[in-house]
Amino acid sequence: MTEPIISIRDVSKTYKSGVQALQPTSLDIMKGEIFALLGPNGAGKTTLINMTCGIVNLSSGAIVADGHDIVRDYKQARRKIGLVPQELHTDAFERVIDTVTFSRGLFGFPENPAHIEKVLRDLALWDKRNAKIMELSGGMKRRVLIAKALSHEPKILFLDEPSAGVDVELRRDMWEMVRSLRKSGVTIILTTHYIEEAEEMADRVGVIDKGQLILVEEKNALMRKLGKKQLTLELPTALQAVPAGLNGYNVELSNEGHQLVYSFDAQASDTGIPSFLKRIGELGVDYKDLHTEQSSLEDIFVSLVHRK
């Protein structure tokens, strides 16, 4: 097992107003993984990220980033971390290359024009290096934020809602970049509303709701454990009700009676499909087509948050 690069222990946040943004939370994030933090707006995702980055004070607990306590050894811990925030805060009048170079210096790193050039090229910003930030589109500004976060070669990269308001092309580019960063050994933690991104990219998934981390699971195990499989029969004639002879099966009608949907456990040794189809035949239920599908991470997420 790889050792954790971030260790969060009993960390909570209560604001002076009395609002508890994060209930006591413990979490280990492993070196070199892509960890997706999912949750509705206001769930506590950004609070947890900002505390790990030392932007928001902890009410309780401790966080260690790559061996450095983020309170006692703030400067060393922060040097290891790159953060791409949700908001597009950049100095409008600065040139792209200057703001990215300045970011590197902020963390006490010596100048390295070759590294800055590589980052800008990787993000398709090299041609815009002399442009003022105010001249860029929203998607390009987002790329500048990523470049700033990567300027000091962090080992840990936080992406807080990185795809909010960006076009599909940039989103694809960004995921290519995330994959190549992970190959180079960078650990990536992302919060996202685009659940298909987490499904495609993440090794593990954490679900946070109302300030509480309700689940942390390896993505594939989560899909297996909570992903229902369904066999759907397309009916030539709509049924008014599920045939009485199917009472023993987990069956429902959908699409105004034109589909008969049988839900089963994909992990079970006996899915029940052969006996179900045999029973359908015995009852004389006619169907023109059938297909199976598995619930997505989005279905799982919605059911977890509602169940909670």
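**Entry 1: helix 3 and helix 5**

At what angle do helix 3 and helix 5 pack, and how far apart are their axes? I looked this up in the model, which is predicted. Two packed helices are described by the angle between their axes and by the distance between those axes. For helix 3 (residues 96-106) and helix 5, I recorded an angle of about 30° and axes 7 Å apart. Angles under 35 degrees count as roughly parallel, and helix 3 and helix 5 are therefore roughly parallel to each other. I noted that the crossing of helix 3 past helix 5 is right-handed.

I then listed the residues that meet. Helix 3 brings V96, T99, V100 and S103, and helix 5 brings V144, A147 and K148. Sorted by class, this contact of helix 3 with helix 5 holds four nonpolar residues, two polar and one charged.

**Entry 2: helix 3 and helix 4**

How is helix 3 placed against helix 4 (residues 113-122), and at what angle do they pack? I found an angle of about 125°, with the two axes 11 Å apart. That makes helix 3 oblique to helix 4. The crossing in which helix 3 passes helix 4 is right-handed.

On the side of helix 3, I wrote down V96, I97, V100, T101 and R104; these meet H115, I116 and L120 of helix 4. The residues of this contact of helix 3 with helix 4 divide into five nonpolar, two polar and one charged.

**Entry 3: helix 5 and helix 6**

Next I turned to helix 5 (residues 138-150) and helix 6 (residues 168-183), whose axes come within 11 Å and cross at roughly 15°. That makes helix 5 roughly parallel to helix 6. I recorded the crossing of helix 5 and helix 6 as right-handed.

Which residues make the contact? From helix 5 I listed G139, R142, R143, I146 and L150, and from helix 6 I listed L170, D173, M174, M177 and L181. By class, the contact of helix 5 with helix 6 has six nonpolar residues, one polar and three charged.

**Entry 4: the cavity**

Rolling a probe the size of a water molecule over the atoms shows where empty space is left. How many cavities of 30 Å³ or more does a search of the whole structure find? I noted one. The space in the largest cavity is about 60 Å³.

Its lining consists of I6, I8, L27, I29, L37, L48, I49, T52, F158 and I189. Strand 1 (4-14), strand 2 (20-30) and helix 1 (45-52) are the elements that give two or more residues to this lining. Helix 1 supplies the largest share, three residues. By class, I counted nine nonpolar residues in the lining of the largest cavity, one polar and no charged.

**Entry 5: K80**

Where does K80 lie? I located K80 in the loop between helix 2 (74-79) and strand 6 (81-84). I then compared sequence with space: K80 and L157 are 77 residues apart in sequence, and their C-alpha atoms are 8.6 Å apart.

Leaving out residues up to four places away in sequence, I found that K80 touches D66, H68, P154, K155 and I156.

Conventions: Residues numbered from 1 in each chain as written. Predicted model: local features only at pLDDT ≥ 70, side-chain atom pairs only at ≥ 80, totals over all residues. Heavy atoms only, no water. 1 Å grid on protein atoms, 1.4 Å probe; cavity = no way out; pocket = protein on both sides within 12 Å on 5 of 7 lines; lining within 4 Å. Points joined across faces, edges and corners; volume = space filled by probe spheres on them. Helix = DSSP H or I, 4+ residues; strand = E, 2+ residues; numbered from the N terminus. Nonpolar A, V, L, I, M, F, W, Y, C, P; charged D, E, K, R; others polar. Axes fitted to C-alpha atoms, helices over the stretch in contact; angles between N-to-C directions. Parallel < 35°, antiparallel > 145°, perpendicular 65-115°, else oblique. Left-handed = near helix turned anticlockwise from the far one by under 90°. Contact = heavy atoms within 4.5 Å.
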